Protein chains: 2
Amino acid sequence: MHTISEHGCFGGTVGFYSHLSEAVGLKMTFSVYRPPQAAKRRVPFLTFLSALLCNHQNFMIKSGAQRVAAELGLMLVIPDTSPRGAGIPGEDADWEFGASASFFVDATQEPWSRHYRMYTYVTQELPQLICAHFAADQRRQGIFGHSVGGNGALVCALRNPQQYRSVSAFAPVVAPSQVSSGQKAFLGYLGPDRSRWAEYDACELVRQRPYPGTILIDQGTADKALAGHLRPDLFEAACKEVRQPLSLRMQDGYDHGFYFISTFVEDHLRHHARELAHVAE
Amino acid sequence: MHTISEHGCFGGTVGFYSHLSEAVGLKMTFSVYRPPQAAKRRVPFLTFLSALLCNHQNFMIKSGAQRVAAELGLMLVIPDTSPRGAGIPGEDADWEFGASASFFVDATQEPWSRHYRMYTYVTQELPQLICAHFAADQRRQGIFGHSVGGNGALVCALRNPQQYRSVSAFAPVVAPSQVSSGQKAFLGYLGPDRSRWAEYDACELVRQRPYPGTILIDQGTADKALAGHLRPDLFEAACKEVRQPLSLRMQDGYDHGFYFISTFVEDHLRHHARELAHVAE
């Protein structure tokens, strides 16, 4: 693991790192916020999955989450949103597919299947790396995300409820199988068999296996993608069907950006801290 | 005034705007955070002057100041750091001089004197524009800044104590006349007569006319520019000479960036709110 840079922040440390990923087969970058408590003991940690066009930096720079993470003793881990430099022709050409748009799946289709294995990277390799290098407690993990990363977080938690003991999302895509950007990505990464898509679709998954805890979602009403790509109503209906506890908060006048996230990130971190407090250290 | 974009944030609004500036003679951009209280009454406002390489966006995106501004009912105003597109050959070539490095002076030397009039822009035109378009109270203004913008804020406050009733700075340049980057800029903008330089040098000004209030400065000890361009020791000595109240806080392990600023911005906003509370509405 290579340290790119480290910076004092709210009594802890923001750091940017790179490593050669086994799962992805390429160099991957990520960022970590270590709260002051991590100097003395292992602390719970939250993985944040970012939106299209983002990388491992955006949330760390723009969310303001470090203040609350320092108060609550939560470590924050932000992976990149895709492999970079896989050498696939056109990988940077489409903002909704390819680089920075992995949708956090393990691709099964050529040429993506060789490197685009972000689901395994996020759920297995990265947490192991974090616990090996930092004072993170692998038994107390939560996950959250934004937009496409919101679907990624919901998918990771719904498929691994024993690993992720808390989950939340900002303006998540919740039904990628039902919206055009998700369909394009899933067709490209997973092929035409829609039964494979369900493994990465929060609405499909929650129907099959509800999550043993409350899911927190904030969604701005002024978000231009609300009625098109996001569709929280579909997730609300799916949760209702299976009696999944859901706190879906429609936030009046907020859009899809980081001014929205920064406004509500404190509530999310407090939600995670409460849920993780139930897990024995 | 043209609205570029507006975004809900902590119950108020982050906005980005442009206008044709009379002082500068070019289009200028700036950002404003309007706290929720501004929907009902005129509120105090703080101008923030940014560092080299920055524009009107960095502080709004990275500082996390909106949360505290919303609590305290403070409006935040962030101008750009220089004119843009003045058409001066090489204006973008040097990161320490020209575009994004105006040093917030009114240039007197050709070819800069035509457009590089940021001191007049910041202290006169922009506050008038803000009070004309937003619910800002011109009697309750404070100013703060970072690095070169920290010197700018100190200069504006020291020269206009009746206008700026509170002042603070993050890792300010305090003696531009004594450090190489400042000397290069002042020679270019103001010419070789060093008596003109003193009008824009915080250390020189505080000796001539101390500020009627406490000056708050935070400075990280891991800041690579500390011993070279920043030199808070020079300002501390100047303040001591004239018994200027100064709260200079050396922050252990913090560097020059926004993780440092975001950690301490709450203290700065509370400092300004306290000072401005003494001013009659």
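Entry 1: I began at A:Cys9, which stands opposite A:Gly12 in strand 2 of chain A. Two strands count as paired if DSSP finds at least two bridges between them. Strand 1 of chain A and strand 2 (residues 12-20) of chain A pair in the antiparallel sense over 7 bridges. They form a hairpin with 2 residues between them, and A:Phe10 in the turn has a positive phi of about 50 degrees.

A note on the source: this is a predicted model, in which local features need pLDDT of at least 70 and side-chain atom pairs count only at pLDDT 80 or more, while totals for chains, interfaces and linings use all residues. Residues are numbered from 1 along each chain as its sequence is written, chains are lettered from A and ligands numbered from 1 in the order in which they are written, and side-chain values use heavy atoms, with hydrogens and water left out.

**Entry 2: the sheet in chain A.** Next I followed the strands across. They make an open sheet of 9 strands in the order 1-2-3-5-4-6-7-8-9, with mixed pairing. Its edges are strand 1 (2-9) and strand 9 (246-251) of chain A, each of which pairs on one side only. Neighbouring strands are turned by 20 degrees against each other on average, direction ignored; the axes behind such angles are lines fitted to C-alpha atoms, for helices over the stretch in contact, and angles run from 0 to 180 degrees between N-to-C directions.

I then looked at strand 7 (residues 164-170) and strand 8 (residues 215-220) of chain A, which run parallel and are joined by 3 bridges. A:Ser168 stands opposite A:Leu216 in strand 8 of chain A.

Which helices did I find packed on the sheet?

**Entry 3: the loop between strand 5 and helix 3.** I checked the backbone here. Most residues other than glycine have a negative phi, and most peptide bonds are trans. In this loop of chain A, A:Ser100 has a positive phi of about 70 degrees, and A:Phe104 has a phi near 55 degrees. Are they buried or exposed? A:Ser100 is buried, with a relative accessible area of 9%, and A:Phe104 is buried at 3%. (Buried is under 20% relative accessible area, exposed over 50%, partly exposed in between, with a 1.4 Å probe and protein chains only.)

A:Pro111 is also placed in the loop between strand 5 and helix 3 (118-133) of chain A. The peptide bond from A:Glu110 to A:Pro111 is cis, with omega near -5 degrees. In chain B, the bond from B:Glu110 to B:Pro111 is cis too, with omega near 0 degrees.

**Entry 4: an aspartate in chain B.** B:Asp218 lies in strand 8 (residues 215-220) of chain B and is buried, with a relative accessible area of 0%. Its side chain makes a polar contact with the side chain of B:His268 (2.7 Å). I count a polar contact as a pair of N or O atoms within 3.5 Å; within protein, one must be able to donate a hydrogen and the other to accept it, and residues adjacent in sequence count only if both atoms are side-chain atoms. B:Asp218 also touches residues including B:Arg249, B:Gln251 and B:Phe264.

**Entry 5: where the chains meet.** Last, I looked at the interface. There, 21 residues of chain B are in contact with 21 residues of chain A. About 1600 Å² is buried between them, of which carbon and sulfur atoms give 54%; this is the accessible area (1.4 Å probe) that two parts lose on being put together, summed over both. B:Phe10, B:Ile61 and B:Tyr259 lose the most area in chain B, together 37% of what that side buries. Helix 10 of chain B gives the largest share of that side, 5 residues. I noted 8 residue pairs in polar contact between the chains (both at pLDDT 80 or more).

Key. Helices (H or I, at least four residues) and strands (E, at least two) are DSSP runs, numbered from the N terminus. Contact means heavy atoms within 4.5 Å. Lists of a residue's contacts leave out its neighbours within four places in sequence.
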